[in-house]
Amino acid sequence: MTNQLFATDALLPTGWARNVLVAWDGAGRITQVTPNSAVPAGVAQAPGPLLPGMPNLHSHAFQRAFAGLTEYRAESQDSFWSWRNLMYRFAARITPESLEAIATWLYVEMLEAGYTSVCEFHYVHHDQGGTPYADDATLSLALLRAARNAGMGITLLPVLYQTSGFGAKPARADQARFIRSTDNMLSLLERLTPLAQAQGASLGLAPHSLRAVPPDSLTAAVRGLTALNPQAPIHIHIAEQTQEVDDCVAWSGQRPVQWLLEHAPVDERWCLVHATHMTQQEYQDAARTGAVAGICPTTEANLGDGIFDMPLWLQHGGRWGVGSDSHACVNAAEELLMLEYGQRLSLRQRNVLATPAQSEVAAAMTLQAVQGGAQAAGRAIGGLAVGQQADLVALDAQHVALRDLPAHSMLSAHVFGSHRTSAIDSVWVAGQRRITGGRHTLHDAAAQAFVGARSATIAPD
């Protein structure tokens, strides 16, 4: 069975093309991308410019229900670390049922906002007392079900978390739900492998951070994952906060990225999440590995992390993608806007992330983020090209911010001049239409379940 869609304008990996016919097979894999086509009889037409679906390369799903609840001063000087204490209190109350409800609504939101795939960095593993569930995969399965029910592509990244700080400091009591031995983690991955494959999901591993995974465990976990699947993605939080950098130097004499590059086989499989605080040499060395920088602009702004030096990263050929992380914002275009605006504020320049091939910033960022996100996800979701999955986003050419503009200006208006989500009309994942008229069929039911789950989670004991 072949499915087809015609778009007057489409953003291909090489740039904008006119009168593009896209076809995909019954498995949702693109079999044809033909520019300068005549409009075939009976073929559906996109309501506006056709874009590649955006991968979201970093998500902690349960934190969506926590968004907006920490925007008050709890200490004389709030920081990431004070925010983390509040987040731990929230994480302690999550149940399998509430996690599934929260994640389902989040994935509906993501689809409505132009994301078509998510890398789920999943670290709440055990029950509320820190005891493994009878089925050790209970919370992982809740996330896989949420993605399947919403129609979201997913790369599940169970998190290895063992210590509370550098030098193998014992885990805190409020981290008990996160803790796994390395052997236990590898057993979980074995259990999840056929289940992920059954729904077209990918499976990887997330060593949480250098402070949470001792060197011997990191080595053993990467070796064990590679034995299970040599292509499986590996994601790690790295150099997000200056205190983390200082603590790593005190422990090892090296900065986090420097230490990682010298002690782990970092290559194209790896995603360095945040990597905010690097030296010029670290930017160069990390970029040369082929690893993806996982940039989460709205979360990094919300937490006061700092600003990633994107021009320096790109100067060394670095690859990157975007994630919504703590989900203070769930909007693919908003992450691109925040990324560009952060660079402008830092450098006091405009249109920083335009490239020689793409003078339009929105197009340049979209293409790079899709390629980097696909690499980080370990899935064939790299854009409108033969062999890639048919993950498609169609803008609404009749939206007031877009109407009567040329296609390249419509994308710019979507990112910089609309309410971002409002200009999205349709979204397809693996060729299946999930969003029509800007709305998911599960929107109302998923929203209601989310509100109930959030209320139960924040209710006083």
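This is a predicted model: local features need pLDDT of at least 70, side-chain atom pairs count only at pLDDT 80 or more; totals for chains, interfaces and linings use all residues.
Biologist: How do α3 and α4 lie to each other, roughly parallel or roughly perpendicular?

Modeller: They are roughly parallel to each other. The axes of α3 (residues 138–150) and α4 cross at roughly 25° and come within 11 Å. The crossing is right-handed.

Biologist: Which residues make the contact of α3 with α4?

Modeller: On α3 they are Ser140, Leu141 and Leu144, and on α4 they are Leu188, Arg191, Leu192 and Leu195. By type, this contact has 5 nonpolar residues, 1 polar and 1 charged. The general idea behind such spacing is that an α-helix has 3.6 residues a turn, so residues three or four places apart point the same way.

Biologist: What does α4 do with α5?

Modeller: The axes of α4 (residues 182–198) and α5 (residues 215–228) come within 10 Å and cross at roughly 20°. These two helices are therefore roughly parallel to each other, and their crossing is right-handed. From α4, the contact takes Thr182, Leu186, Leu189 and Glu190; from α5, it takes Ser217, Ala220, Ala221, Gly224, Leu225 and Leu228. The residues of this contact divide into 6 nonpolar, 3 polar and 1 charged.

Biologist: How many residues of helix α13 are buried?

Modeller: The cut-off to keep in mind is that a residue is buried when its relative accessible area is under 20%. In α13 (residues 407–416), 7 of the 10 residues are buried, so this helix is largely enclosed by the rest of the structure. The buried ones are Ala407, Met410, Leu411, Ser412, Ala413, His414 and Val415.

Biologist: Is Glu334 buried or exposed?

Modeller: Glu334 counts as buried because its relative accessibility is 19%, and the limit is 20%. Glu334 sits in helix α11 (residues 332–347). Sequence separation and distance in space are two further numbers to read for a pair of residues. Between Glu334 and Tyr161 there are 173 places in sequence, and their C-alpha atoms are 30 Å apart.

Biologist: Which residues have the most contacts inside the largest nonpolar core?

Modeller: They are Tyr107, Leu260, Trp270, Trp313 and Trp320, in a core of 137 residues. Take Tyr107 as the example. Leaving out residues up to four places away in sequence, Tyr107 touches Ala61, Val118, Glu120, Leu143, Ala146, Ala147, Ala150, Met152 and Ile154. There is also a second, separate core of 16 residues, including Ala10, Leu12, Ile30 and Ala394.

Biologist: What should I look for in the backbone angle phi?

Modeller: Most residues other than glycine have a negative phi. Ala275 is not a glycine, yet has a positive phi of about 45°. Arg348, also not a glycine, has a positive phi of about 55°.

Biologist: Where do Ala275 and Arg348 lie?

Modeller: Ala275 is in the loop between β12 (270–274) and α8 (280–288). Arg348 is in the loop between α11 and α12 (361–377).

Biologist: And what is the relative accessibility of Ala275 and of Arg348?

Modeller: Ala275 has a relative accessible area of 1% and is therefore buried. Arg348, at 79% relative accessibility, counts as exposed, because the cut-off for exposed is over 50%.

Note on methods:
Residues are numbered from 1 along each chain as its sequence is written. Side-chain values use heavy atoms; hydrogens and water are left out. Helices (H or I, at least four residues) and strands (E, at least two) are DSSP runs, numbered from the N terminus. Buried means under 20% relative accessible area, exposed over 50%, partly exposed in between (1.4 Å probe, protein chains only). A nonpolar core is a set of buried Ala, Val, Leu, Ile, Met, Phe, Trp, Tyr and Cys residues joined through side-chain atoms within 4.5 Å. Contact means heavy atoms within 4.5 Å. Axes are lines fitted to C-alpha atoms, for helices over the stretch in contact, and angles run from 0 to 180 degrees between N-to-C directions. Angles under 35 degrees count as roughly parallel, over 145 as roughly antiparallel, 65 to 115 as roughly perpendicular and the rest as oblique. A crossing is left-handed if the near helix is turned anticlockwise from the far one by less than a right angle, and right-handed if clockwise. Ala, Val, Leu, Ile, Met, Phe, Trp, Tyr, Cys and Pro count as nonpolar, Asp, Glu, Lys and Arg as charged, and the others, Gly among them, as polar.
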